[in-house]
Amino acid sequence: HPSRGVMHLARCERLSKHAFGRLMAEEGGFSVGPIHPGSLDEAPLIAARAKDLSLSSARFVQLTGLEVPDGRSGLRRFLLDRGRPLSARFDASAVPA
């Protein structure tokens, strides 16, 4: 069945960790001043990390017909939904049968 298997859900645009951190601070009402760009090449990590962790929601969009929000809209929704149970956040009627 085509709807079985792994389905990624990610924002519709690619953002660096730095840009996403700034966006989180802005939407959360925090200062972006302490957030500085960095590089994995400069980080003293024990294990190697991939530089590009982008995911595609194309399969989800194709199977459901639903659009995935951009980072800012998704963060706003997340912040508004904090403290609400998951069952109150999901509208099953929005997913095509």
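I note here that the model is predicted.

**Arg-84 and its partner.** I then asked which residue forms a salt bridge with Arg-84. The partner is Asp-81, and the closest N and O atoms of the pair are 2.7 Å apart. Is Asp-81 buried or exposed? Asp-81 has a relative accessible area of 6%, so I list Asp-81 as buried.

**The network.** Glu-26, Glu-27, Arg-72 and Arg-76 are joined by them into one network.

**Count.** How many salt bridges does the whole structure hold? My search returned seven.

**Glu-26 and Arg-72.** I looked at this pair within the network. Their side chains meet in a salt bridge, at 3.0 Å from N to O. Glu-26 belongs to helix α1 and Arg-72 to helix α3 (residues 71-81), so the bridge ties together parts that are 46 residues apart in sequence. I checked the accessibility of both. Glu-26 is partly exposed at 37%, and Arg-72 is partly exposed at 30%.

**Asp-52 and Arg-14.** I found another salt bridge here, with the closest N and O atoms 2.7 Å apart. Where do the two residues sit? Asp-52 is in the loop between α1 (17-28) and α2 (58-64), while Arg-14 is in the segment before α1. The two are 38 residues apart, and the pair links distant parts of the chain. Asp-52 has 45% relative accessibility and counts as partly exposed. Arg-14, with a relative accessible area of 64%, is exposed.

**Helix α1.** At 1.5 Å a residue, its twelve residues should span 16 Å. The end C-alpha atoms are 16 Å apart, which agrees. Next I asked which residues of α1 are buried. They are Leu-23, Ala-25 and Glu-27. What do these buried residues pack against? They pack against α3.

**Rings.** I searched for aromatic pairs and found zero in the structure. I did find a charge over a ring: Arg-11 lies over the face of Phe-20, at 4.6 Å from the ring centre.

Note on methods. Residues are numbered from 1 along each chain as its sequence is written. This is a predicted model: local features need pLDDT of at least 70, side-chain atom pairs count only at pLDDT 80 or more; totals for chains, interfaces and linings use all residues. Side-chain values use heavy atoms; hydrogens and water are left out. Rings of Phe, Tyr and Trp (its six-membered ring) pair if their centres lie within 6.5 Å; planes under 30 degrees apart count as stacked, over 60 as edge-to-face and the rest as tilted. A charge sits over a ring if NZ of Lys or CZ of Arg is within 6 Å of the ring centre and within 35 degrees of the ring normal. A salt bridge is a side-chain nitrogen of Lys or Arg within 4 Å of a carboxyl oxygen of Asp or Glu. Helices (H or I, at least four residues) and strands (E, at least two) are DSSP runs, numbered from the N terminus. Buried means under 20% relative accessible area, exposed over 50%, partly exposed in between (1.4 Å probe, protein chains only). The expected span of a helix is 1.5 Å times one less than its number of residues. Contact means heavy atoms within 4.5 Å.
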